[in-house]
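Me: I'm new to this one, and I'd like a close look at a single part of it. Could you pick a spot and work outwards from there?

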Amino acid sequence: MSPEPFSVRCHVVTGKGGTGKTTVAASLALALAADGRHVLLIETEGRQGIAQLFDTPPLPYEERRVAVTRGGGEVKALAIDVEAAFLEYLDMFYNLKRAGRALRKMGAVDFATAIAPGLRDVLLTGKVKEAVTRRRDGRHVYDAVVVDAPPTGRITRFLNVTGEVAGLARSGPIRTQSDGVMAVLRSPQTAVHLVTLLEDMPVQETADAIADLTAAGLPVGSVVVNMAAGPLLPAASLSRTAAGRLTGADLVPALDAAGLPTSPELADALAAEAVEHAQRWVAQDALRGVVERLGRPTVELPQAIGPIDVGCLFELADRLEDHLRSAAAA
């Protein structure tokens, strides 16, 4: 059973490259921040995609407000810098801030993450856990944290790497930190949401990721079908058109009634486009059945017309907020 959406405090968003996971993560953060909530949106891949979406300067390793929502809510964003997170880690657990700075000058941080690639993910998930559990005056600083996480192909290893590190350390700060991170990531306060398109490869990667996450004991949330387009033809004619039984001659009366040119070349070209659209729609609709059989709460987001801007993010956020409320009431 999926955790209740409004009891979830750590929302991890993943998806195959090109599915729009960063857009979905940003929109989800806006949805969760409605009605006066405070949300942190974390970027883990160093692409500055969040800054581009909100039309702000590149984000430093610092939590900065990028949006205000209904009821005085706000979204802050953070682009995690691995070197800065490493220094923070050394200072927090070993009181080695000065030594960490010296290591940075020597290039030791790059060296350490190169010889131990998992260290990068440990630092990233550790920072996520710190933000989720951070308190001030006895209350959580953030009502929710949204993570724009790595793609589905490596999401399970990314989230589970701290658990693997814990197995190498029987005691001490590393073991304590690792256990704390995994306690959050495997708890009902975390949900991993998967973004897909109605295409074969993204849907298959989504199914594989759900299986891997479940096997690792990581909680799966919703499946977000992004950039979903509706049919442009009447339902009654979709199957006939998809079967290729529409010709240019069939369109001539409609073109004539609309006062448009009725040349055979134009009519045949329009018929070919209609057949291609219908076939694509039928194929996508079949994939909807595959997504439904994954057994997760599902929401579809429409395909945007034109570039994604902040206004578009708020429109998508409205859809996601409705989905969260419906899932919470179910």
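Reply: Let's start at H323, which touches S222, P297, T298 and V299, leaving aside residues up to four places away in sequence; contact here means heavy atoms within 4.5 Å. Before going on, note that this is a predicted model, where local features need pLDDT of at least 70 and side-chain atom pairs count only at pLDDT 80 or more, while totals for chains, interfaces and linings use all residues. Residues are numbered from 1 along each chain as its sequence is written, and side-chain values use heavy atoms, with hydrogens and water left out.

H323 sits in helix α13, residues 310–329. Helices (H or I, at least four residues) and strands (E, at least two) are DSSP runs, numbered from the N terminus. With 13% relative accessibility, H323 counts as buried; the cut-offs are under 20% relative accessible area for buried, over 50% for exposed, and partly exposed in between, using a 1.4 Å probe and protein chains only.

Eight strands make an open sheet with mixed pairing, in the order β3-β4-β2-β7-β1-β8-β9-β10; two strands pair if DSSP finds at least two bridges between them. At the edges are β3 (64–69) and β10 (298–302), each with a single partner strand, so one side of each has no neighbour in the sheet. From one strand to the next, the twist averages 25 degrees. Helix α13 packs on this sheet, touching β3, β9 (220–228) and β10, and its direction makes about 160 degrees with that of β10. Such angles run from 0 to 180 degrees between N-to-C directions, with axes fitted to C-alpha atoms, for helices over the stretch in contact.

Elsewhere in the sheet, β2 (residues 38–43) and β7 (residues 144–148) run parallel and are joined by five bridges. One of the bridge pairs is E43 with D148 in β7.

What about the nonpolar cores? A nonpolar core is a set of buried Ala, Val, Leu, Ile, Met, Phe, Trp, Tyr and Cys residues joined through side-chain atoms within 4.5 Å. The largest has 40 residues, and V12, V145, I155, L159 and L213 have the most contacts inside it. Helix α6 (residues 118–133) gives the largest share of this core, five residues. As for V145, its contacts include R9, C10, H11, L40 and I42, again not counting residues up to four places away in sequence. Another core lies apart from the largest one and has 34 residues, L28, F54, V224 and L324 among them.

A couple of loops are worth a stop too. Most residues other than glycine have a negative phi. D35, in the loop between α1 (21–33) and β2, has a positive phi near 65 degrees, and at 42% relative accessibility D35 counts as partly exposed. D137 also has a positive phi, near 55 degrees. The place of D137 is the loop between β5 (135–136) and β6 (139–140), and with 77% relative accessibility D137 counts as exposed.

Stepping back, the chain has 13 helices and 10 strands, and 46% of its 330 residues count as buried. Among contacts between residues at least 6 apart in sequence, 72% join residues at least 24 apart.
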